[in-house]
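Take a walk through this chain, from overall layout to single side chains. Keep the 3D view open as you read.

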Amino acid sequence: GKWLGLDPVVPVTSKDLMHSISSFYGLGGPETLVGQMVTRNAERDTPKRLYIVGPAVGRFLAADERPALKVTATGVKAFERQESKDGSVPCSYRIAQEGLPLLLPYITRQRVSLSAADFLR
C-alpha cells in the first residue's frame with residue numbers, strides 16, 4: 001500500500017484503552033501514559049502492540065499530522081494484546097518482557113513479590 005511495508009507510527013489516543021491498562025496494572029491514571037504510547041497499527045482502538053517512548057519523542061511523532069515521517073523503529077515494546085479465552089481478565093494487554101524494566105517501578109497491582117526462601121522450596 002501507501003507505506004510500502006512500513007506502517008506509520010501513531011500515538012495511542014483511546015482513553016478507554018489507556019484506562020483499562022492503567023487501572024489493571026495500577027499505573028496511576030490513564031494520563032500517566034498519555035503521549036508516551038505509540039503503535040504501528042492504524043486501527044488505534046485495538047492495536048496488537050504498544051510501544052513506550054519518551055515524552056519528547058511522543059510530542060514529535062504526534063506533530064507529524066500527515067503522517068510524512070517514515071519511522072523504521074522507535075520505543076520499547078511495553079504491552080501486547082492477549083485476549084483471554086473465557087473473558088475472565090478485564091485487561092486485554094499483557095506486559096511485554098522488553099518493557100518490564102521501564103514499567104516495574106510504577107506498577108502497583110498484578111504484582112507478586114517472592115523472597116529467596118520461596119525459590120528454595
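Buried means under 20% relative accessible area, exposed means over 50%, and partly exposed lies in between. Glutamate 98 has a relative accessible area of 45%, so this residue is partly exposed. Salt bridges that share partners tie Glu98 into one network with Arg49, Lys77, Glu80 and Arg94. That network returns below.

First, the overall picture. The model is predicted. Mean pLDDT for the chain is 84. Of its residues, 89% reach 70 or more. Among the elements, strand 4 (residues 76-81) has the highest mean pLDDT, at 95. Strand 1 (residues 10-11) has the lowest, at 84.

The chain holds four helices and five strands. Read from the N terminus, their order is β-α-β-β-α-β-β-α-α. There are 121 residues, and 31% of them are buried. Take the contacts between residues at least 6 apart in sequence: 58% of these join residues at least 24 apart. The chain exposes about 8100 Å². Carbon and sulfur atoms supply 55% of that area.

Now turn to helix 1, residues 15-25. Which of its residues are buried? They are Leu17, Met18, Ile21, Ser22, Phe24 and Tyr25. Their cover includes strand 2 (37-39) and strand 3 (49-52). Strand 4 and strand 5 also contribute to it. Glycine 26 follows the helix, with a positive phi near 65°.

Back to the charges. How many salt bridges does the structure hold? It holds five. One of them pairs glutamate 80 with arginine 49, at 3.2 Å from N to O. This pair links distant parts of the chain. Is glutamate 80 buried or exposed? Its relative accessibility is 10%, so glutamate 80 counts as buried. Arginine 49 reaches 34%, so arginine 49 counts as partly exposed.

Glutamate 80 has another partner, lysine 77. Their closest N and O atoms are 3.7 Å apart. Lysine 77 in turn forms a salt bridge with glutamate 98, where the closest N and O atoms are also 3.7 Å apart. This pair, too, links distant parts of the chain. Shared partners make one network of Arg49, Lys77, Glu80, Arg94 and Glu98.

Glutamate 80 also leads to the next stop. Serine 92 touches Glu80, along with Arg81, Gln82 and Glu83, leaving aside residues up to four places away in sequence. Where is serine 92? It is found in the loop between strand 4 and strand 5 (93-95). Its side chain makes a polar contact of 3.4 Å with that of glutamate 83. Serine 92 has 22% relative accessibility, so it counts as partly exposed. The C-alpha atoms of serine 92 and threonine 46 are separated by 9.2 Å, although the two residues are 46 apart along the chain.

Last, the surface. Val112, Leu114 and Phe119 form a nonpolar patch there. Together they have about 380 Å² of accessible area. Leucine 114 is placed in the loop between helix 3 (100-103) and helix 4 (116-120). Its relative accessibility is 51%, and the cut-off is over 50%, so leucine 114 counts as exposed.

Note on methods. Residues numbered from 1 in each chain as written. Predicted model: local features only at pLDDT ≥ 70, side-chain atom pairs only at ≥ 80, totals over all residues. Heavy atoms only, no water. pLDDT = per-residue confidence, 0-100. Helix = DSSP H or I, 4+ residues; strand = E, 2+ residues; numbered from the N terminus. Buried < 20%, exposed > 50% of the residue type's maximum accessible area, 1.4 Å probe, protein only. Contact = heavy atoms within 4.5 Å. Polar contact = N/O pair within 3.5 Å; in protein donor to acceptor, adjacent residues only side chain to side chain. Patch = residues over 30% accessible without salt bridge, like charges linked within 9 Å, V, L, I, M, F, W, Y side chains within 5 Å. Areas by Shrake-Rupley, 256 points an atom, 1.4 Å probe, with all protein chains shown as cover. Salt bridge = Lys/Arg side-chain N within 4 Å of Asp/Glu carboxyl O.
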